[in-house]
Amino acid sequence: MSNLMSGARILLECLAREGVDVIFGYPGGVTLPLYDVIYDNPIRHVLVRHEENASFSAAGYARATGKVGVCCATSGPGATNLTTGLVDAMMDSIPMVAITGQVTSKLIGSDAFQEADTFGITRPCTKHNFLVKDIKELAQIVHEAFHIASTGRPGPVLVDITKDVLQGQAHYTPVNEIHLPGYKVVTDGHAGQIRRAAQMMWEAQRPYVYAGGGILAAGATPELKELVETLDAPAVCTLMGLGGLPGSHPNFISMPGMHGSYTANMGMYECDLLIALGVRFDDRVTGRLAAFAPHAKVIHVDIDPAEIGKNRAADLPIVGDVKKVLSKLNRNLKELEPEMASKNSEGRKAWWKQIRAWQAEHPIEPVFSADEIKPQHLMYEINKISGGKAIVSVDVGQHQMWAAQFIKFDNPRTWICSGGLGSMGFGLPAAIGAQMAHLDQTVFAICGDGGFQMALPELATLVNYQLPVKVIVMNNGYLGMVRQWQELFYNNRLSSVELSAFPNVELLAAAYGMKGRIVHTPMELASALKEAVDEPGPYLMDVRVSQFENVYPMVPAGAAINEMVLAPPQPVAVPR
Amino acid sequence: MLMTISILMENKPGALMRVTGLLSQRGYNIESLTVARTLDPTLSRMTIMVDVESRLRGLVIKQMNRLVNVLQAADLTDAPAVMREMVLLRVRASQENRTAILKESEIFGARVVDSSVEGFALEATGASEKMEEFIAVMETYGEIEVTRSGMVAVSLEAKKLRLAPPISKTQPETVAQA
């Protein structure tokens with residue numbers, strides 16, 4: 001069955017078949033034919049206030065759901081504005097399809113109005129990209145794009161569509177089959193390797209689970225929990241993997257890395273078997289690579305063969321979908337349990353004792369003051385009000401690290417964070433995407449005063465769609481993380497990091513038509529947060545925190561993971 | 001060290017850019033690159049010579065294999081393979097040199113593809129070092145102009161080509177399963 005349709009309508013048909021229910025976008029000249037179809041289409045379109053935020057919102061939606069996030073922009077500046085979000089999604093392996101308009105085929109290469117080589121520009125920003133100049137290829141390509149974005153190691157795919165394709169007419173027949181001969185995804189994992197992995201795990205005296213974003217991408221949280229419990233191994237989740245194991249789980253240590261906890265990092269250093277699951281041995285986790293987990297054999301499970309051995313050689317590599325691999329591995333572990341479990345029980349008991357001793361020695365403790373709001377105190381209060389349940393979207397910098405340290409996540413896909421690229425201005429638009437996916441859930445956008453101002457126009461989107469996002473600005477008046485590095489490594493010469501002229505958010509919120517409040521004292525913090533959460537609509541809060549607080553522990557650049565700079569002693573105050 | 005990469009890929013716009021992008025993003029300079037259609041016109045075969053740190057050779061191949069348009073990328077640097085290059089060379093020849101040039105060409109297995117009062121156009125194929133010598137010798141006879149094809153290589157091992165099967169789009173649960 002086929003009927004005559006415009007390219008724009010074919011595109012939306014394909015999106016509907018892929019289960020798309022919302023598009024984050026910004027219209028323009030060449031996408032006019034598309035927006036004419038969007039006008040009365042059941043797929044919702046969220047009009048963001050800047051294309052970069054369309055890509056961040058789509059990422060927030062994808063991160064909160066696991067579904068493919070879709071964003072849309074016009075040719076030229078619209079497309080170039082998307083690129084930061086594309087690279088962000090690439091770095092964090094987030095499934096996304098970006099649709100861009102392109103000038104009419106005949107005009108490509110003529111420096112036409114709003115023409116840019118989107119296909120060329122976004123080639124290194126995407127997992128794959130397409131330029132559609134023939135309407136007959138459109139449906140096929142859109143389905144290929146979704147397949148590539150959502151399978152294997154997920155990632156962003158861009159489809160650049162010329163205006164003549166969007167407004168042209170063609171007979172549309174639903175695509176029944178796509179063929180990508182060069183796109184090979186290994187999901188199953190080698191059975192022999194998996195058996196050997198189970199053997200190694202029981203043989204280890206000091207096993208240590210290092211779980212990353214791959215756990216969330218694969219939906220492998222139940223399997224991870226089972227593994228950790230069967231082995232009774234301590235586990236860390238990376239910045240991208242938080243929520244992979246419930247934050248309240250007794251075996252969960254915390255986040256490792258540059259601002260990871262003392263215990264998490266010492267565990268990495270001292271373990272004799274590192275069980276790396278859906279991770280990429282990022283430099284922010286490993287510190288100086290040569291001194292990373294020096295006593296450990298490494299089992300590395302990843303769906304992307306190019307990740308195996310990239311930074312750290314694996315003693316036992318397993319290429320496959322971490323969910324499938326873990327479910328087989330768990331069966332193998334159970335089979336071996338009666339014979340093996342008792343063998344190293346003494347060693348393992350000592351290992352746990354060591355870990356509990358580290359935790360007691362250097363606990364992850366918030367800092368309180370009676371006179372000023374400590375940033376850690378803010379995160380402590382947000383954690384309390386969330387109870388492990390709220391969706392928390394963050395920007396990049398000090399607040400991001402404190403949030404990662406102090407807020408616990410009991411469910412996957414509730415921590416939304418630009419990990420690899422570290423894009424400031426991410427928190428608010430990503431929260432919009434997450435809130436669109438989960439209208440009934442509490443969503444916090446925790447931003448620094450720097451990142452917030454990068455995303456400020458999106459307050460209008462919140463009000464426009466009455467999205468009840470709670471925007472919490474951790475305001476220390478500085479680009480805090482850069483200031484911290486200037487203090488510690490550049491003789492405290494604070495260069496271009498002071499953010500003066502921050503707007504009055506009470507007036508700002510009122511100007512946008514939303515609730516807003518400035519919080520100055522520790523006394524009012526808890527009640528202010530409660531007021532924000534109870535507010536049915538969006539809420540903007542400026543929390544004035546102490547200006548010169550630093551994030552600790554800290555593994556300085558180039559140092560080994562056990563060479564942490566710990567927090568200087570602070571006067572102890574009791575939380576109210 | 002100079003690495004030889006052989007790539008079988010889809011003959012599609014942008015495919016070449018994806019492959020070379022992996023090298024240029026690292027600041028690698030491509031020494032030579034040849035690409036042409038295979039027997040199957042939907043595919044191309046490419047040979048690249050590029051200076052890559054030896055510890056990164058495996059990673060570069062893996063990242064090339066990860067590209068959607070690439071069916072197979074292989075490192076032929078230390079593998080059994082035949083590598084050849086073609087040289088087209090124009091040499092100005094005086095009357096007294098002409099015989100000597102022809103003799104010398106014969107030694108290198110070069111063919112005359114054009115002859116005029118000014119001189120010859122010669123065509124030679126062989127391993128790179130041989131071609132370097134050929135060019136050096138011809139230079140002694142007079143002014144020359146050279147075009148080199150860059151290396152083409154064929155592996156002497158039969159490598160199994162594994163391709164992804166077609167994917168059905170009729171069951172909606174096959175998609176959006178990330």
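This is a predicted model: local features need pLDDT of at least 70, side-chain atom pairs count only at pLDDT 80 or more; totals for chains, interfaces and linings use all residues.
Let me begin with the chain as a whole, whose secondary structure comprises four helices and nine strands, arranged along the sequence in the pattern β-α-β-β-α-β-β-α-β-β-α-β-β. The radius of gyration of chain B is 21 Å, whereas a compact globule of 178 residues would have one near 16 Å, and along the principal axes the C-alpha atoms fill a box of roughly 80 × 35 × 30 Å. Of the 178 residues in chain B, 27% are buried. If we take the contacts in chain B between residues at least 6 apart in sequence, 71% of them join residues at least 24 apart.

Now to the sheet. In chain B, four strands form an open, antiparallel sheet in the order β2-β3-β1-β4, with β2 (30-37) and β4 (70-75) of chain B as the edge strands, each pairing on one side only. Ignoring direction, neighbouring strands of this sheet are turned against each other by 15 degrees on average. Between β2(B) and β3(B), the latter covering residues 43-51, the antiparallel pairing runs over seven bridges, and B:I30 has B:V50 of β3(B) as its bridge partner.

Two helices of chain B pack on this sheet, and I will take them in turn. Helix α1(B), residues 15-24, touches β1 (2-10), β2, β3 and β4 of chain B, and its direction makes about 155 degrees with that of β1(B). Helix α2(B), residues 57-66, touches β1 and β4 of chain B, and the direction of α2(B) makes about 170 degrees with that of β4(B).

Note on methods:
Residues are numbered from 1 along each chain as its sequence is written. Chains are lettered from A and ligands numbered from 1 in the order in which they are written. The radius of gyration is taken over C-alpha atoms; the globule rule is 2.2 Å times the number of residues to the power 0.38. A residue is buried if 20 or more other C-beta atoms lie within 10 Å of its own, exposed if 12 or fewer, and partly exposed in between; C-beta atoms are placed from the backbone. Two residues are in contact if their C-beta atoms, placed from the backbone, lie within 7 Å. Two strands pair if DSSP finds at least two bridges between them. Axes are lines fitted to C-alpha atoms, for helices over the stretch in contact, and angles run from 0 to 180 degrees between N-to-C directions.
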